[in-house]
Amino acid sequence: MNQAIFGGTACDYLTLRDGREIYFQGIEFLNFANGRLNLMVQPNDPYFNRQWNLHVSDVPSAWRFTQGASDVLLVSLDSGVVTTLTNRNRGIDVDPTRLRLDARDDDDSNDNGHGQQAVSVMSSAANNGRGVAGINWHSPVEIHDVYSRSDRVTLQQAVSSTITYARRNNLRVVFQGGIQGEYWLTDGGTRARLERLIRNNSDIAVFAIAAGNGNVNIDVTNPNHPSVRRGESGGVARLHTTHDNVIAVGAVENHHADGTWANTWQRGLMNAGQVRRAEYSNYGQSLTLVAATDSPAVDRYGRVNYFNGTSAANPNVAGITSLVWSVNSALSGGEIRQILTDTAMDLGQPGRDNAFGHGLINADAAVRRAWALNRNQDLANLHTGSSILA
């Protein structure tokens, strides 16, 4: 299958015997007299068909263009993973050669592994006949346990050290921040210092931050508000408004969180029109976009669970962002976010709204747009903004 730039994006096309061409997008397979041509990549991981988060965001179609690049670094700012240093790494379904970690990154919590499930959504190994398929199969993954009860690295230490490493090695960086609440704005330094770290590295860094689970406007900061007291407010995600390389991620869910979708699920396809905002997901003017929650993920014990909250939506956005950067490393962090918002699937009220932001992230549309800009920027820029999908 060939691609050409049309309408500011990459379209698939067929050339007929008489020379006419048919351009199209959003087609999962083509039936011919002599068989079927599948236009989605379908790994053999046993839970792939239940990973509604991938299908509703058109990740299998994006995989035709890229499955991740070595010059894009995925970074987890979360509760760490069960590291190989402890010999308890039954839950890791990621190629260990991709991981950058040390003893401080070991998850010492007693839950199923919040950070480990986030890493699973982003980067679980694919086609190994085990567990789930991650969104990015090849990029390196750096782990920072910012939640540890002992020997903890602060949020600002983690960001600063990662940026130093990335600049030394000419990498683009996608941070997934499984963090919510006001506390994180000053974890390891002043808020002004955190904002400098974000602003001064907008050329190579994108921060995908969970919007929070308080069912509250992200911009609410009153310390007496119940959601703020519980640490469920927007926090770092609120920086979306002042930094174009910050993505505040809300969560959408289907009517069933157990992997069954009734009439919306056919032949591995997902009807995005059936999703709704998760009732706990924060909202507001500072919300960038939304992604699927209740994502199947491998936990710290090697089991597949349904990972939920905006903390599950967030690694979906980080993983997809890393695919977009993998096809066009010349883009800045702000340009990456612009592509993601321009190509998101509109939900709720027409245009941007406070419930869904710019809409549901779409991996295929975003990757195609970045691919087109990389191949021929002048031609691709004849169409800008939402018109590229017209």
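**Helix pairs and strands: a short tour**

Hi everyone, let's start with a pair of helices: α4 passes α5 in a left-handed crossing. Please keep in mind that this is a predicted model.

Where do these helices sit in the chain? Helix α4 covers residues 155-168, and helix α5 covers residues 191-199. Their axes lie 11 Å apart, and the packing angle is about 25 degrees. Angles under 35 degrees count as roughly parallel, so α4 is roughly parallel to α5. Which residues make the contact? On the α4 side we have Q156, V159 and S160, and they meet R193, L194 and L197 of α5. Sorted by class, that contact has three nonpolar residues, two polar and one charged.

Now to a second pair, α7 and α9. Helix α7 spans residues 310-327, and α7 packs with α9 at an angle of about 20 degrees, with 8 Å between the axes. By the cut-off I just mentioned, under 35 degrees, α7 is therefore roughly parallel to α9. The crossing here is right-handed. From α7, the contact takes in I320, L323, V324 and V327. From α9 come A363, A366, V367, A370, W371 and N374. How do the residues of this contact divide by class? Nine are nonpolar, one is polar and none is charged.

Let's move to the sheet. There is an open sheet of three strands, in the order β1-β2-β3, with antiparallel pairing. At the edges are β1, residues 2-6, and β3, residues 21-24, each of which pairs on one side only. From one strand to the next, the twist averages 45 degrees. Strand β2, residues 9-15, is joined to β3 by four bridges in the antiparallel sense. If you want one of those on screen, look at T15, whose bridge partner in β3 is E21.

And here α9 comes back. This helix, residues 363-375, packs on the sheet and touches β1 and β2. The direction of α9 makes about 90 degrees with that of β2.

Last stop, a hairpin. Strands β16, residues 295-298, and β17, residues 304-307, pair in the antiparallel sense over four bridges. A297 has N305 of β17 as its bridge partner. How many residues lie between the two strands of the hairpin? Five, and in the turn G302 has a positive phi of about 80 degrees.

Note on methods:
Residues numbered from 1 in each chain as written. Predicted model: local features only at pLDDT ≥ 70, side-chain atom pairs only at ≥ 80, totals over all residues. Heavy atoms only, no water. Pairing = 2+ DSSP bridges. Axes fitted to C-alpha atoms, helices over the stretch in contact; angles between N-to-C directions. Contact = heavy atoms within 4.5 Å. Parallel < 35°, antiparallel > 145°, perpendicular 65-115°, else oblique. Left-handed = near helix turned anticlockwise from the far one by under 90°. Nonpolar A, V, L, I, M, F, W, Y, C, P; charged D, E, K, R; others polar.
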